[in-house]
Amino acid sequence: MRMRPTLSWTSAEEPPPGTTDLEPVVDALRGGGVLVLSGAGISTESGIPDYRGEGGSLSRHTPMTYQDFTADAGARRRYWARSHLGWRTFGRARPNAGHLAVAAFERQGLLSGAITQNVDGLHQAAGSTGAVDLHGRLDRVVCLSCGDRSPRRDLARRLEEANEGFAPVAAAMNPDGDADLTDEQVGDFTVAPCAVCGGILKPDVVFFGEAVPPQRVEHCRALVREAGTLLVLGSSLTVMSGLRFVRQAADAGTPVLIVNRDPTRGDRHAVARVALPLGPALTTVAGRLGVPLPDGATSGPA
């Protein structure tokens, strides 16, 4: 399966209107067997911007593609300089009320599973144990030559040592963990090679244009087949790697519910789209279901 580098979409027809009625979500969770599919919108309240919402990063930033990263040493230098700076913020992000609610629903046995398109690891940090990281994790790096995987914190330390004093002021941070820097700010940033073989290091995430591992895709397809309801949280569903699961569910007659403030590419497949902010919406749902949330589970960056 290959991610299409689709950065935007335009509906050929008038999208169905959104609603503020949470009862379909409450009813689905009460019945159990709900599969969550989350996107960047669930992490915005943790201070991580999304791609396509209001003020989304695609208005100023084109994500790195696999082809550019592997073919161009200059592109890798720019990526690692920007990612190294962004990691200082990205790596400190903490779960928000939306992540905590999903973890609480899992603990109560209301979910059949979760798939996230995000690379931030915040579902797991909130306590979710079964979330599938469809696009990988930014807190790991992989060598493209020998396949060795290692913690991002180890690379961060090596990059600090190799680029002493590197502290430009970034214009903004992006959902993929890098920061907006000019070429002048990147300068002669030193890229660290693999500590095992000296090969090229890449974050252990799926870039635009890169293939998602087939076994991971099949696992997600199996989760969709087994689900009673597919609940999409905070995704525009622009990228086919997420949209295909919505289409699969709809084709099988499995109800699809979407909680996303803006219209999505999957709206016509959904029973309803709830146009509310995720943290408050899921906190309200938890309250109606009597699902306890951790003390201090409020919306907003930690």
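The entries run from the whole chain to single residues.

**Ground rules.** I am working with a predicted model, in which local features need pLDDT of at least 70 and side-chain atom pairs count only at pLDDT 80 or more, while totals for chains, interfaces and linings use all residues. Numbering starts from 1 along each chain as its sequence is written, and side-chain values use heavy atoms, with hydrogens and water left out.

**Confidence.** I looked up pLDDT, the predictor's confidence in each residue from 0 to 100. The mean is 89, and 88% of the residues reach 70 or more. Residues 1–6 stay under 50, and the model has 28 contacts for them beyond four places in sequence; a contact means heavy atoms within 4.5 Å. Residues 55–60 also stay under 50, with 15 such contacts.

**Whole protein.** I noted 10 helices and 9 strands, taken as DSSP runs (H or I, at least four residues; E, at least two) and numbered from the N terminus. Of the 302 residues, 53% are buried, where buried means under 20% relative accessible area with a 1.4 Å probe, protein chains only. Among contacts with a separation of 6 or more, 75% join residues 24 or more positions apart.

**Cores.** I took a nonpolar core as a set of buried Ala, Val, Leu, Ile, Met, Phe, Trp, Tyr and Cys residues joined through side-chain atoms within 4.5 Å. The largest has 30 residues, of which Tyr79, Trp80, Phe90, Leu138, Leu155 and Phe189 touch the most other members. At least two residues each come from α3 (73–90), β4 (136–143), α6 (152–162) and β6 (201–205). The most come from α3, which gives 7. I then listed what Tyr79 touches, leaving out residues up to four places away in sequence: Met64, Phe69, Leu138, Asp176, Asp178, Pro203 and Phe207. A second, separate core has 28 residues, including Leu231, Leu257, Leu282 and Ala286.

**Helix α8.** I checked the length of α8 (residues 214–226): its 13 residues should span 18 Å at 1.5 Å a residue, and the end C-alpha atoms are 19 Å apart, which agrees. The expected span is 1.5 Å times one less than the number of residues. Its buried residues are Val217, Cys220, Ala222, Leu223 and Val224. They pack against β1 (34–38), β2 (111–116), β3 (131–133) and α9 (240–251).

**Asn163.** Is Asn163 buried or exposed? I found Asn163 buried, with a relative accessible area of 8%. Asn163 sits in the loop between α6 and α7 (183–186). Beyond four places in sequence, Asn163 touches Phe189 and Thr190.

Terms used: Buried means under 20% relative accessible area, exposed over 50%, partly exposed in between (1.4 Å probe, protein chains only).
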